[in-house]
Amino acid sequence: MTSDAGSNELMLPKIDFVFKLIFGDEKHKGITIGFLSAVLQVPKGDLADIEIINTELLREFKEDKKGILDVRVKTRDGRQINIEIQILPTEFMPERTLFYWAKMYVSQVKAGDIYGQLKKCITINIVDFRCTPLKQAHSCYHLTEDRQGHRLTDVLEVHFLELPKLFEKEIPIEENDVIAQWMLFIDGRSKEVMEMLAEKNTDIGNAYNLLKIISKDEKARMAYEAREAELMDQRTRVRSALAKGEEIGIKKGKAEGKAEGKAEGKAEGKAEIIHALLRGGMGVDEIASMAGMEKKEVEQIQKGILSSLADTK
């Protein structure tokens with residue numbers, strides 16, 4: 001289901017550009033209402049008068065501006081809901097989430113206002129990587145007291161929808177789970193599954209029909225392919241750097257006359273590149289995903305780096 005096969009192929013809803021075209025359009029906000037009703041477990045009537053307040057789309061899709069491709073919704077009673085989709089693993093996702101939630105929350109008031117004017121803010125994160133240790137695809141967080149579970153306030157609500165968990169055997173998914181249905185549609189892994197979901201769920205059916213229209217739009221496809229290329233470039237840069245590091249390490253090992261120069265040098269070269277990526281702020285999950293490595297392998301290299309640093313002190 002990639003664009004390489006031509007304009008007749010469906011775009012992937014989980015590519016943030018496409019996601020916003022489907023869920024961030026005032027003309028089709030019935031789709032957004034259906035999705036929010038499922039995730040927040042509230043009647044559609046409670047969301048009937050929502051306003052999508054960031055309908056603009058960027059002409060450039062650079063990583064440092066990607067946040068604009070989220071979907072921001074305001075309800076009739078003033079609550080704000082931010083829906084964001086993340087394809088590439090992002091380290092410190094909980095901290096990042098709270099940072100952007102806080103910005104959304106405090107932006108409601110200005111000097112002279114009172115705290116009572118602050119309305120509930122909800123963040124919905126749809127991620128294409130494992131983000132929590134929980135054995136469930138959908139999780140929801142509030143501020144609660146540790147021992148008795150008393151909710152301090154209802155102004156904060158954070159959801160995580162972890163797409164890969166839909167396909168993990170140890171995490172059971174009920175056939176009629178509406179949230180799982182939406183997640184399967186957004187994942188877009190199978191056209192047949194999407195068609196089945198469209199028949200079962202009217203709101204998903206509307207989203208699927210819109211996806212088919214968008215997928216035939218030449219300008220939208222050009223932007224979609226540009227975004228796909230950007231994501232691919234990010235992965236390629238990491239893998240190329242690792243390959244180059246391995247090559248340099250092998251040459252260094254041979255020059256030093258090590259019998260096991262190739263294997264040892266390759267490992268050292270890879271470790272040096274991973275060290276540089278970690279210093280640059282890239283997280284373990286992100287490196288593992290982009291480099292096509294197991295997370296444990298990256299963590300092992302990270303521990304070796306930390307251990308060697310400790311020995312030099």
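**Figure 1. Buried and exposed residues across the whole chain.** A residue is buried when its relative accessible area is under 20%, exposed when over 50%, and partly exposed in between (1.4 Å probe, protein chains only). By that cut-off, 43% of the 313 residues in the protein chain are buried. The model is predicted: local features need pLDDT of at least 70, side-chain atom pairs count only at pLDDT 80 or more, and totals for chains, interfaces and linings use all residues. Residues are numbered from 1 along each chain as its sequence is written, and side-chain values use heavy atoms, with hydrogens and water left out.

The protein chain has ten helices and six strands. These are DSSP runs, numbered from the N terminus: helices are H or I with at least four residues, strands are E with at least two. The accessible surface comes to about 17,300 Å² (Shrake-Rupley method, 1.4 Å probe). Carbon and sulfur atoms hold 52% of that surface. A contact means heavy atoms within 4.5 Å. Among contacts with a separation of 6 or more, 61% join residues 24 or more positions apart.

**Figure 2. The salt bridge of Glu26 and Lys29**. A salt bridge puts a side-chain nitrogen of Lys or Arg within 4 Å of a carboxyl oxygen of Asp or Glu. By this rule the structure has 17 salt bridges. Here the N to O distance is 3.6 Å. Glu26 is partly exposed, at 31% relative accessibility. Lys29 is partly exposed too, at 23%.

**Figure 3. Lys120 meets Asp154**. The closest N and O atoms of this salt bridge lie 3.0 Å apart. Lys120 sits in the loop between helix H3 (93–106) and strand S4 (121–127), and Asp154 sits in strand S6 (residues 151–162), so the pair ties together parts that are 34 residues apart in sequence. Lys120 is buried, with a relative accessible area of 15%. Asp154 is partly exposed, at 35%.

**Figure 4. Glu175 meets Lys200**. Their side chains form a salt bridge with an N to O distance of 3.3 Å. Glu175 belongs to the loop between S6 and helix H4 (178–187). Lys200 belongs to helix H5 (residues 191–200). The pair links distant parts of the chain, 25 residues apart. Glu175 is exposed, at 62% relative accessibility. Lys200 is partly exposed, at 38%.

**Figure 5. A network of salt bridges**. Four residues take part: Lys14, Asp128, Asp187 and Arg189. Salt bridges that share partners join them into one network.
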